[in-house]
Amino acid sequence: MPSRLPFLAAVVALAGLAGCREKEPPPDWLARLTELSGEVRAAPPGGSLARARKGEILRLGSELETGQASHALLELRSGGQLRVDPDSRVLFRDRRPGVAAALALERGAVEGTASAIAAADLVIGVGQRSIRLAGAARARVQAGGDGRDPNVEVVFGTATVEGPSGAQERVIAGRALELSVRRRDAGVPRTDARAGPVVVAREAIFYVRSTGGPGLLVKTPGAARAHAVRSGQQVKVPVGTVLTLRRAARALVGSAPGEGVTLSGPGLVTVRGAKEGDPEAAPSLEPTAGDLRIVGSGKPGLLGAPLLVEGVTVQPEITHRRMDLRLRRERGRATLSSLFGRAVLKAGPAPAVALEAGQQAVLGKGRVQGPHAPQATPLQVRQGGTVRVFVSGPSTGVTFRWNTPQAARGALVQVGPSPSFGAPLFEDVIRRDALTIPEVRRGTLHWQVQPVGHAGETMGDAVRGRLVIVPDTSHQLLKSRRSPSNTIHESDGNTTVYYQNTLPRFTFRWNPMAEARSYQVKIFREQNLREPSISTQTSAASLALKPGQLGEGAYFWYVAGRDARGELIRTTTSHRIGIAYDNAAPDLQIIYPGHGASVSEETLEVRGVALRGSRLFVNGAPAELDESSRFRHPVALKPGVNVIVFRVVDSRRGSSYYQRRVLRR
């Protein structure tokens, strides 16, 4: 197979267009120009060729030409793609039922994919024959010229070639067709054009280069033993070769020298060829033992070599900058996780499914379970800005949520410790509207969500935020901003005593009265001046009350001195005393429950104090705060472990999150 780009851009759905004057594409549109370089010209139906623009719509009857050193990438209406080589001319002349696009290749070469998702075929006409691609099938078509015959090379899946008389030939990946009768030379037999094209089988091979430490072993078919590949060495391996990757070994594997994805073990990988009779078969790599990591970098849309895992074809793909897939085997099945990039999974006749970054799927016995993302965490961040998260341990799980515009293909989601996302925890384009990171360590975490259009362009404004994850202090006692005065003297006049965690102990003092043998102390609530709350006698010029005898509120007090006969000597002036809660909470104090509490009741009343002027939400429901920002809020508990999430919203500080785990027995 001649050297060429080993990858094809991602299969994506189309809607919306930056740069197109029409808000909605016309009904007869077939393709959209998403990438071009050099001199690329396009003509509308019945019009003349002019310089093409990125995002331009191609309709029924449109034409496209590329210059000598130019190329173009088209995204088809169904989600398929077409790459047009230099010095090529393509005519969109037909549209048939069940066909995403039908085009005629007049000169040059194209490489096309129908669609991995939509059930609509791509038909490429060359000469008097048509090449039909279905599903995720991919093929390269050469128009011929300069003494060369037209030909088609199937890269993935199966192509059906239809002749002028209706004869059909099916071609699977790893093979090529010559589309016209040639002279009896070069070992190619003569054939009647009506009998169908000549099939020229090509060996499915891969190139393997050691890029890591020692431990890459290659055993070719028929070889008595495996031989080691030293670092930097490259070898060509045929079908049936077994690659052994020990723990420190890494290998660059691709269909062209120096290109492809990097595999790291430990594990065994077997090179497999395309199978006759299997329309979805392709030359692939089959991990047969151990775990495997598949890593690659490049432009969005680049594909890695297909993998055959437990009867499931896995097509890795870069959706932003890189791919990083992890394959782990256990008990006869494999779990495939995507940290970056995505993979199209095809199992038998079932529709292909896409495994996105941040998801995983279980592969076994030719079936796919999933894909699915980690379960959403109780801590969910929906808005940008700075959010503080108080955690009792070294880490916590976080779920980010956002709204993706309907016209967008997805969203570029970036999460990392640096605002430039130089070493991100996550960075990829995904079609979901939520991302869960199960474990985020304490520190500062930056995140950003940017909608992305179908041509890769950004849409609208990005949502940016910052998480500051710090140790939880909500269980600690508050420290007062002023020292409470627990001794009240008549000379103090009207006064206020502030408290925080427990009601203070009060001692009332007054100046001794000459000839006084006893003192009667009376304390009235401000709301009831008829009956005293406290009325007692003492022989000393002071009275000490127990903690809690006077609760929060306002009181009036006075002292009457009496002589030995009980006659009144004089009465002190009545003074007002206020007892007020001093809210010095830095953000939130959770008085109850403690972290990890074990209870038996179905409903738990959480208690605490919030920052003055803030709003509090408990498990998403607003909690009522009193005049001192204290709260009591009921929470229903299910059997087992419950996570109670407190969110404090303050206009100056933004949002803060606290969590309490409670076990209901």
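**Entry 1: the whole chain.** I began with the accessible surface of the protein chain, which comes to about 31300 Å², with 47% of that belonging to carbon and sulfur atoms; accessible areas here come from the Shrake-Rupley method with a 1.4 Å probe, and for residues only the protein chains shown count as cover. I note that this is a predicted model, in which local features need pLDDT of at least 70 and side-chain atom pairs count only at pLDDT 80 or more, while totals for chains, interfaces and linings use all residues. Residues are numbered from 1 along each chain as its sequence is written, and side-chain values use heavy atoms, with hydrogens and water left out.

I then looked up the secondary structure and found zero helices and 61 strands in the protein chain, where helices (H or I, at least four residues) and strands (E, at least two) are DSSP runs numbered from the N terminus. Of the 665 residues, 50% count as buried, meaning under 20% relative accessible area, with exposed set at over 50% and partly exposed in between (1.4 Å probe, protein chains only). For contacts (heavy atoms within 4.5 Å), I recorded that 56% of those between residues at least 6 apart in sequence join residues at least 24 apart.

**Entry 2: Thr-270.** I placed Thr-270 in strand β26, residues 267–272, and I call Thr-270 buried because its relative accessibility is 7%. Leaving out residues up to four places away in sequence, I listed what Thr-270 touches: Gly-240, Thr-241 and Val-242, together with Ser-284, Leu-285, Glu-286 and Thr-288. Thr-241 lies 29 residues from Thr-270 in sequence, yet their C-alpha atoms are 5.7 Å apart.

**Entry 3: backbone exceptions.** Before looking at these, I reminded myself that most residues other than glycine have a negative phi, and that most peptide bonds are trans.

I found the peptide bond from Gly-265 to Pro-266 to be cis, with omega near 15°, and Pro-266 lies in the loop between β25 (261–264) and β26. The bond from Gly-370 to Pro-371 is also cis, with omega near 0°, but Pro-371 lies in strand β36, residues 367–372.

Turning to phi, I noted a positive value near 50° for Glu-310, which sits in the loop between β29 (307–309) and β30 (312–317) and counts as partly exposed because its relative accessibility is 24%. Lys-365 has a positive phi as well, near 55°, and I located Lys-365 in the loop between β35 (360–364) and β36; with a relative accessible area of 79%, Lys-365 is exposed.
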